[in-house]
Amino acid sequence: DGSCYHRIAGEKFGDRHLWPYIYSANKAAYPDPDLIDAHAKITIPSQPNLQKDKTAIESSVLDAYNGYLYMIEKEPKSAKNANRRELAARVLVSGEKLYPGFISAHENRILPEYAQKARTIASKIVK
């Protein structure tokens, strides 16, 4: 209870920005990127290699981004949607933190308002 993907990624992989990699392994059973049920049995994949597993990691970031968009569409009247919009942009920042240039490389798969917001956030924290 109280676990979240970024906390698990920090504990297991030493980098909370890798949380989409865990989410992606569990998205079929748990489509909400922010919700792990208290008694859920999730899959924690082996620690990825940032160089060798780049394609899979980048895909997982896009999976998490799309997971937020899916939840917004699925629950259009949810009070959580403002936060989901923020988190959709922030997961793209994780991609940028892991792989500088991520947002530009995947811009054709990201809605412009999210790309811009993610760039603004990233410019303040990604060095």
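1. Start with the contacts of Arg84. Beyond its neighbours within four places in sequence, Arg84 is in contact (heavy atoms within 4.5 Å) with Asp32, Tyr68, Met71, Ile72, Glu75 and Ser78. Arg84 sits in helix α4, residues 81–98. Helices are DSSP runs of H or I, at least four residues, numbered from the N terminus. Arg84 is buried, at 2% relative accessible area. Buried means under 20% (1.4 Å probe, protein chains only).

2. A word on the source. This is a predicted model, where local features need pLDDT of at least 70, side-chain atom pairs count only at pLDDT 80 or more, and totals for chains, interfaces and linings use all residues. Residues are numbered from 1 along each chain as its sequence is written, and side-chain values use heavy atoms, without hydrogens and water.

3. Next, the core. The largest nonpolar core holds 33 residues. Such a core is a set of buried Ala, Val, Leu, Ile, Met, Phe, Trp, Tyr and Cys residues joined through side-chain atoms within 4.5 Å. Trp19, Leu92, Ile110 and Tyr114 have the most contacts inside this core. The largest share, 7 residues, comes from α3.

4. Leu92 deserves a look. Leaving aside neighbours within four places in sequence, Leu92 touches Val61, Tyr65, Phe102, Ile103, Ile110, Tyr114 and Ala118, by the contact rule above.

5. Finally, a helix pair. The axes (lines fitted to C-alpha atoms over the stretch in contact, with angles from 0 to 180 degrees between N-to-C directions) of α2 (residues 19–26) and α3 (residues 54–74) come within 8 Å and cross at roughly 70°. So α2 is roughly perpendicular to α3, a term for angles of 65 to 115 degrees.

Notes:
Helices (H or I, at least four residues) and strands (E, at least two) are DSSP runs, numbered from the N terminus. Angles under 35 degrees count as roughly parallel, over 145 as roughly antiparallel, 65 to 115 as roughly perpendicular and the rest as oblique. Buried means under 20% relative accessible area, exposed over 50%, partly exposed in between (1.4 Å probe, protein chains only).
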